[in-house]
Amino acid sequence: MRGVMHLRSLAALLLLAVCFGAVAGDLYTTINHLREGEGGCGAAKQLPPLQPQAALERVARDLAQGNKLEQSLAAAGYRATRVKALTFSGDRIGARVAEILATQNYCQQLQDAAMTEAGTYVDARQVWIVIAAPFAPSVEMAGQTAGQRVLDLVNEARSTRRNCGNKAFNEARPVSWNDILAEASRLHAEDMAHFNYLDHGGRDGSTPALRVERAGYRYRAMGENIAGGQTKPEDAVTAWIKSPPHCANLMNPAFTEMGVAFAVDRTSKLGVYWAQEFGAPR
């Protein structure tokens, strides 16, 4: 008799697991229908569906077990630029969650265009949904195009008097592009990105001056700007203008040439790294 009862209990548990699995699968479909503007959610524009992500499913499960969001993300090895966790509880909540999600507040959250991935967890009395924008840094232009844009922005900045910290600078003549300085910039940007640091000192102990010399540039004056995390040339130049020593390099009338480059590594802390070399040839 005990064996029969055990088999019945096991069958009931398996059926429950299958039901929860079906609810979880249907939940992704429900979420994406709402994201597309169906089921009571109006959509201003067409959005791609949220993609199920195993790491976020682990995060949702950990949250259901009482863990904190940041700890759960770290444990799952998931890096996000933005993340939102939604939770619902109550009897037969899996059957009711679609109706709840179709309200205006949740529609707006599911239709956040920045969010691209999702994970869910469903049990007898609770549902967790985690939606996220993964950490995926990129610069949406080619290196040469970005370099030209930085050059234009630098010369625009040099055309105006400004204070860099407590030091005043008059207008300066525009600088021109130099391929050797650009190569020195590329090498340092790539080294910072791949080895996860932001510093004027190279891992080999090199200085900016030594690096431009190695690249083949002979100078009577030189300077270096670096930045990390910016995904647009405009943001990198803005950061340099706000930093007194970098601003002073940008406005220095002694410099006549420049090169700049960026490098991307998603495993690094900042994702995008910029290096800019200024110079005046001998």
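Thr-120 stands opposite Ile-129 in strand E4. Strand E3 (residues 117-122) and strand E4 (residues 126-134) pair in the antiparallel sense over 6 bridges; two strands count as paired if DSSP finds at least two bridges between them. Helices (H or I, at least four residues) and strands (E, at least two) are DSSP runs numbered from the N terminus. The model is predicted, with pLDDT of at least 70 needed for local features and 80 or more for side-chain atom pairs, while totals for chains, interfaces and linings use all residues. Residues are numbered from 1 along each chain as its sequence is written, and side-chain values use heavy atoms, without hydrogens or water.

An open sheet of 4 strands runs in the order E1-E3-E4-E2, with mixed pairing. Its edge strands, E1 (51-52) and E2 (80-89), each pair on one side only. Helix H2 packs on this sheet and touches E1, E2, E3 and E4. Contact means heavy atoms within 4.5 Å. The direction of H2 makes about 40 degrees with that of E3. Angles run from 0 to 180 degrees between N-to-C directions, and axes are lines fitted to C-alpha atoms, for helices over the stretch in contact. Helix H4 (residues 93-101) lies across E2 and E4, at about 120 degrees to E2.

Asp-62 lies in H2 (residues 54-64). Asp-62 is buried, with a relative accessible area of 7%. Buried means under 20%, exposed over 50% and partly exposed in between (1.4 Å probe, protein chains only). Beyond four places in sequence, Asp-62 is in contact with Asn-67 and Ser-72.

Helices H6 (residues 143-158) and H10 (residues 244-251) pack at about 90 degrees, with axes 9 Å apart. H6 is therefore roughly perpendicular to H10, a class covering 65 to 115 degrees (under 35 is roughly parallel, over 145 roughly antiparallel, the rest oblique). Val-154, Ala-157 and Arg-158 of H6 meet Asn-249, Leu-250 and Met-251 of H10.

The largest nonpolar core has 26 residues. Such a core is a set of buried Ala, Val, Leu, Ile, Met, Phe, Trp, Tyr and Cys residues joined through side-chain atoms within 4.5 Å. Residues with the most contacts inside this core are Val-150, Val-154, Trp-240, Leu-250, Met-258 and Trp-274. H6 gives the most to this core, with 6 residues. Apart from this core lies another, of 20 residues, among them Ile-31, Leu-34, Val-97 and Met-115.
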